[in-house]
Amino acid sequence: MHDHPPGGQPSGTTINTGPPLGRYYDVAGKRLLLYRSGDGGPAVVFLPGGGAVGLDYLNVQERAAALTTSVVYDRAGTGWSEAAALPRTSAQVTGELRELLLTAGVPAPYLLAGHSLGGLYARHYAQRFPGEVAALLLLDPAHEDYNAYMPPELTEMWKAFDPGQALPDELPGELIALYRGLFEQEMAGWPAEIRERLIERHLSPEWLLTGFREAANVDELYDEVRHAGPVPDVPLMVLCSMEVDGFKQAVSIGVSDSLLREEIESKRRLYTALAGSVPCGEIRLVDAGHVTMHLRHPGAVLQAIQDLLARLENRQ
């Protein structure tokens, strides 16, 4: 089963070009974009990172569709979905995803594949709706204990950067040019129509700033997860990036390479503890950066999905 491009734009947005793939579904008064392909269950549902959109994961989504139903989507206020005030609570985001999957006819249970901020949302979804989650795949997930594992010097630098402060209406031209080069490099092998549409929108002011706006309440998001109870006893795999990519460097101006390397080692320790917090947890190291993990090593993501599906099959 494949979804086809929608025939119009959601009302109330400033988007000038429509999505190249997917359908709109009405959820709580908002039109949300979802694209799926493949058949069978459990469905793999990709939760994008902050500043990313569902179709950024198309390369791994389509590979997963050879195994089972595979889904990408845009949260309200992001990507091609209808505008919404940001930031929002994790309860809003996870409740919205649950209703979207129900509306789109994608039955539970799910293998949730969350990247960065999406990884935090995936864990919270599993905490809130444990009976609907078959397995978790977390790609460099945001985590409430992240700062506790980091070097104090780095923690202080991140605290000084306040994503909730007043943001400019547009970013400097040199930063936009840098981002264009990075996107063109990482998506060089993608179908031209999809690649160009994604890059065009990623370089628009509204998309460039969405990631900062969505994470402006990150401490509150962390508190929600801290108090939401345990993660269910399901197979869990954490993919940990071991390199620094250009996207990370672009927002880490003034941070030394040695400190960025120390961050990676600290992150590895955190994710090792996260994987060890459940009976069926595992961490795998990937030689790529935080943003580019699934772009440079889609095979590592697909292998993780295959292995998780195999573990679920063996449980039956």
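Arginine 98 is partly exposed, with 37% relative accessible area (buried is under 20%, exposed over 50%, partly exposed in between; 1.4 Å probe, protein chains only). Its partner in a salt bridge is glutamate 132, with the closest N and O atoms 2.5 Å apart. This is a predicted model: local features need pLDDT of at least 70, side-chain atom pairs count only at pLDDT 80 or more, and totals for chains, interfaces and linings use all residues. Residues are numbered from 1 along each chain as its sequence is written, and side-chain values use heavy atoms, without hydrogens and water.

**Salt bridges**

- The structure holds 16 salt bridges (a side-chain nitrogen of Lys or Arg within 4 Å of a carboxyl oxygen of Asp or Glu).
- Arginine 98 sits in helix α2 (residues 90-103), and glutamate 132 in the loop between α3 (117-128) and β6; the two are 34 residues apart. Helices (H or I, at least four residues) and strands (E, at least two) are DSSP runs, numbered from the N terminus.
- Glutamate 132 is buried at 16% relative accessibility.
- Lysine 267 and aspartate 140 form a salt bridge of 3.0 Å, N to O.
- Lysine 267 is buried at 6%. Aspartate 140 is buried at 1%.
- Glutamate 186 meets arginine 296 in a salt bridge at 2.6 Å, N to O. Glutamate 186 lies in helix α6 (residues 173-186) and arginine 296 in helix α12 (residues 293-296), so the pair ties together parts 110 residues apart in sequence.
- Glutamate 186 is buried at 10%, whereas arginine 296 is partly exposed at 43%.
- Glu282, Arg284, Asp307 and Arg311 belong to one network, joined by salt bridges that share partners.

**Glutamate 144**

- Glutamate 144 lies in the loop between β6 (133-139) and α4 (146-149). Its relative accessible area is 12%, which counts as buried.
- Its side chain makes a polar contact of 3.0 Å with that of arginine 123 (N or O atoms within 3.5 Å; within protein, one able to donate a hydrogen and the other to accept it, and residues adjacent in sequence counting only if both atoms are side-chain atoms).
- Leaving aside residues up to four places away in sequence, glutamate 144 touches Leu120, Arg123, Tyr222, Val225 and Arg226 (contact: heavy atoms within 4.5 Å).

**Helices α7 and α8**

- Helix α7 (residues 192-202) packs on helix α8 (residues 205-214) at about 70°, with axes 6 Å apart.
- Leu198, Arg201 and His202 in α7 meet Glu206, Trp207 and Leu208 in α8.

Definitions and conventions: Axes fitted to C-alpha atoms, helices over the stretch in contact; angles between N-to-C directions.
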